[in-house]
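Work through the exercises below with the sequence and the model open. Each task is followed by its solution in steps.

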Amino acid sequence: MKIGIAGTHRVATVMVTSSTVLTAAALTAPAAAAAPAATAPTAARTAATPTVTAAKKPSVTARGGYVMNSGTGRSLYTKAADTRRSTGSTTKIMTARVVLARKNLDLSRKVTIRKAYSDYIVRNTASSARLIVGDKVTVRQLLYGMMLPSGCDAAYALADTFGKGSTRKARVKSFIGSMNSTARGLGLKNTHFDSFDGIGKGRNYSTPRDLTRLARDAMRSPTFRSIVKTRSTKQKTITRSGGYRYMNWRNTNPLLGGYSGALGVKTGSGPEAKYCLVFAAKRGGKTVIGTVLASSSSAGRTKDAKKLLSYGFAR
């Protein structure tokens, strides 16, 4: 989640411009060649029973993992699935979920980027969408900036915009309160947030099972689905002077373009969290969704996720 840890890359660039069951066939022997009567029943049973090799449960480097059939809710894989761990930037799934659940949400609403958001990034050496102070950015663009390059500045802007209170501190506290009330409403008993982006104070945690259930719920939103499956985007923002600039953001999720049928969802990392990935993919009408927490490395979490997705599709 912090710079220097994979999964929280500063990938935004700015360009300023002045214009706008295995199937077995029945094996039937001719009557003249039939086996002796004493052994025929056994032989018939053997011939009629197809041989199915069960998918072997994979070994992953992640300390915790969980996979679910998203359509049925059936658990397909567990490893310390209910052990609480730091979540890193996968926290931002909940941030997006809270924003997108608001009644009468205007995704085109413009938000002015404040210096406090930039200062926060510098102070925490945090992953950034490279938002420019004074620019006007839409709520939809903030969601892209938060979910693709994992911009903590974009997450801060959303929390400040949609929280309640007369001060920024009060609004952020209110927004985090909404994140926790949403978690309770979804029955996520092993989840708690103390930040809007994963840079917490020791009370920001969840489990592989809970995060998977959260992502499954968030994926019901067409806007969320569209954003998290986007590999890169070019967004036009309004500058302080009334001109415009383009922001180019690339998704930190290596499964997009690297695993057939990948749908998202979000990377995360940090000193406590290590390397995390909430993932989803669809093949042949079946959607598999899951989470790995505290994997060994950025490459390790990707390998873990691919193993678990393939295992899930084989079950």
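**Exercise 1.** State which elements the buried residues of α7 pack against.

Solution. Step 1: α7 is a helix spanning residues 208–218; helices (H or I, at least four residues) and strands (E, at least two) are DSSP runs, numbered from the N terminus. Step 2: P208, D210, L211, T212, L214, A215, D217 and A218 are its buried residues, where buried means under 20% relative accessible area with a 1.4 Å probe, protein chains only. Step 3: these residues pack against β2, α2 (92–100), β7 (205–206), α8 (222–228), β11 and β12, contact being heavy atoms within 4.5 Å. Step 4: because eight of the eleven residues of α7 are buried, the helix is largely enclosed by the rest of the structure.

The model is predicted: local features need pLDDT of at least 70, side-chain atom pairs count only at pLDDT 80 or more, and totals for chains, interfaces and linings use all residues. Residues are numbered from 1 along each chain as its sequence is written, and side-chain values use heavy atoms, with hydrogens and water left out.

**Exercise 2.** Give the strand order of the open sheet and name its edge strands.

Solution. Step 1: the order is β3-β2-β12-β11-β10, with antiparallel pairing; two strands pair if DSSP finds at least two bridges between them. Step 2: β3 (75–79) and β10 (262–270) each pair on one side only, which makes them the edges.

**Exercise 3.** Describe how β2 connects to β3.

Solution. Step 1: four bridges join the two antiparallel strands, and V67 stands opposite Y77 in β3. Step 2: five residues lie between β2 and β3 in this hairpin, and G73 in the turn has a positive phi of about 80°.

Key. Axes fitted to C-alpha atoms, helices over the stretch in contact; angles between N-to-C directions. Buried < 20%, exposed > 50% of the residue type's maximum accessible area, 1.4 Å probe, protein only.
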